[in-house]
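Take a moment to look over the protein shown here. We will start with the whole, then move to its parts and a few single residues.

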Amino acid sequence: MKIKLFNKIADAGINQFDPSAYEFSEDFDTYDAIMVRSAKLHDVEFPTDLKCIARAGAGVNNIPLDRCSEQGIVVFNTPGANANAVKELVMAGLLMSSRKITKGIEWVKTLEGDDISKAVEKGKSNFVGPEIAGKKLGVIGLGAIGVLVANAAAAMDMEVFGYDPFISVKAAWTLKARVHHVQNLKQIFEECDYITVHVPFSDKTANIIDAEAIAAMKSDVRVLNFARGGLIDDEAMMKAMDEGKIAAYVTDFPTKELLQYEQVIGVPHLGASTPESEENCAVMAANEIMEYLETGNITHSVNLPDMQLAQECKYRICIINKNVPNVVGAITTALANVGVNIENMANKGKKDYAYMILDTNDEVSEELMERLRSREGIINARLITAKA
């Protein structure tokens with residue numbers, strides 16, 4: 001199997017692969033899988049052999065998801081692999097937004113003369129800021145990162161309010177009992193002294209904090225964005241800073257315009273920039289690719305349904321198809337007509353597309369596979385033979 005690398009991938013990820021079964025290069029013309037971090041793939045023409053793309057990170061804005069689905073390419077991300085790295089930076093952001101730490105450091109570097117300590121004592125009152133303990137923090141999005149942030153803030157004696165209408169069972173179980181799970185964003189906007197955003201970027205979440213949201217917030221609120229650019233309306237934020245509504249805005253996605261404001265603390269997209277995070281993401285991405293190529297099972301796909309089915313038969317047929325009526329029936333009939341008995345199967349849809357696994361111990365010919373691939377509604381069909 002050939003894996004094309006579009007970025008430098010941590011060795012911990014590459015080392016997951018069996019070198020006798022996989023090879024890696026940045027120069028392949030045809031390849032079975034892609035491992036990528038931040039490289040933009042929208043203008044890349046994918047070969048017909050490409051089966052999957054693994055993004056070593058959470059966001060997939062650099063991948064053409066619609067085109068991948070149309071071509072039967074499974075796209076993976078690595079949710080939670082960089083969660084601790086981002087959580088730690090958010091906690092630093094909370095402290096920086098309150099205590100004017102960065103401005104104090106910048107000022108100290110300008111001091112001259114022999115008696116720096118005297119100058120420090122004289123000027124430190126310009127950098128006074130409140131403690132975060134006892135203050136209210138609103139966490140928008142309770143995924144892997146949001147839950148860690150909420151729990152860490154609660155451990156630092158903040159009163160935490162979390163909002164996520166789609167919170168997973170796993171996240172709910174790991175969320176500390178003292179975190180208030182609120183049902184609407186308005187409560188967070190109206191009550192919280194600090195607000196941090198942890199949702200993926202989409203049409204539904206774009207400008208989730210806009211002029212109307214900011215208008216509902218307290219005066220001197222502090223806002224943090226370590227999730228994605230575009231989640232906060234920069235124009236509305238700048239207007240609010242002009243009006244003195246915002247005490248601090250900490251963002252991992254600074255722009256030239258934002259950096260003109262004294263209230264802005266711009267961080268150079270450091271959210272996941274730790275060696276531990278890069279290794280975690282690379283390892284998870286590698287395992288997702290291997291699992292899909294070797295067994296057909298899907299974990300953490302963003303464009304196709306996740307599916308796990310133990311392989312107990314010699315042959316496994318994996319089919320990506322349009323999520324329309326009669327496809328499943330047509331496939332099972334086609335197999336029955338040539339005497340292939342289905343021992344086990346799973347089928348699941350996700351929006352416009354569906355994924356099917358069929359296991360059998362009967363011989364599956366390449367002629368049958370070609371007939372399946374040519375059927376209307378089927379995008380891709382792949383045969384996996386179990387390892388001896």
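What percentage of the 388 residues in the protein are buried? Buried residues make up 48% of them. The word has a cut-off: buried means under 20% relative accessible area, exposed means over 50%, and partly exposed lies in between, using a 1.4 Å probe and protein chains only.

A word on the source of these values. This is a predicted model, in which local features need pLDDT of at least 70, side-chain atom pairs count only at pLDDT 80 or more, and totals for chains, interfaces and linings use all residues. Residues are numbered from 1 along each chain as its sequence is written, and side-chain values use heavy atoms, with hydrogens and water left out.

Along the principal axes, the C-alpha atoms fill a box of roughly 90 × 45 × 35 Å. The protein has 13 helices and 16 strands. These are DSSP runs numbered from the N terminus: helices are H or I with at least four residues, strands are E with at least two. Next, look at contacts, meaning heavy atoms within 4.5 Å. Among the contacts with a separation of 6 or more, 63% join residues 24 or more positions apart.

Domain 1 covers 1-76 + 273-303, domain 2 covers 82-264, and domain 3 covers 306-387. Such bounds come from an automatic or database domain assignment.

How do domain 1 and domain 2 meet? Their C-alpha centres lie 33 Å apart. At the boundary, 7 residues of domain 1 are in contact with 4 residues of domain 2. Together the two domains bury about 420 Å², 49% of it on carbon and sulfur atoms. Buried area here is the accessible area (1.4 Å probe) that two parts lose on being put together, summed over both. Three residues stand out on the domain 1 side: G59, N61 and S277 supply 57% of the area that domain 1 buries against domain 2, more than any other three residues.

What links are counted across this boundary? There are 0 salt bridges between domain 1 and domain 2. A salt bridge is a side-chain nitrogen of Lys or Arg within 4 Å of a carboxyl oxygen of Asp or Glu.

V86 counts as buried because its relative accessibility is 4%. Leaving out residues up to four places away in sequence, V86 touches I145, F226, G271 and A272. The C-alpha atoms of V86 and G146 are separated by 9.4 Å, though the two are 60 residues apart along the chain. With 1% relative accessibility, S98 is buried. Beyond its neighbours within four places in sequence, S98 is in contact with G129, P130, I132, Y194 and R222.

Finally, turn to charged pairs. The whole structure holds 14 salt bridges. One of them joins the side chains of K51 and D32, at 2.6 Å from N to O. K51 sits in the loop between strand 3 (33-36) and strand 4 (52-55), while D32 sits in the loop between strand 2 (23-25) and strand 3, 19 residues apart. Are these two partners buried or exposed? K51 is buried at 16% relative accessible area, and D32 is buried at 12%.

Other pairs lie within a helix. E190 forms a salt bridge with K186, with the closest N and O atoms 3.8 Å apart. The two are about one helical turn apart because they are 4 residues apart in helix 8 (residues 185-191). E190 is partly exposed at 40%, whereas K186 is exposed at 54%. In helix 13 (residues 366-374), R371 and E367 are also 4 residues apart, about one turn. Their side chains meet in a salt bridge of 3.2 Å, N to O. R371 is partly exposed at 36%, and E367 is exposed at 56%. Elsewhere, E366, E370 and R373 are linked in a network of salt bridges.
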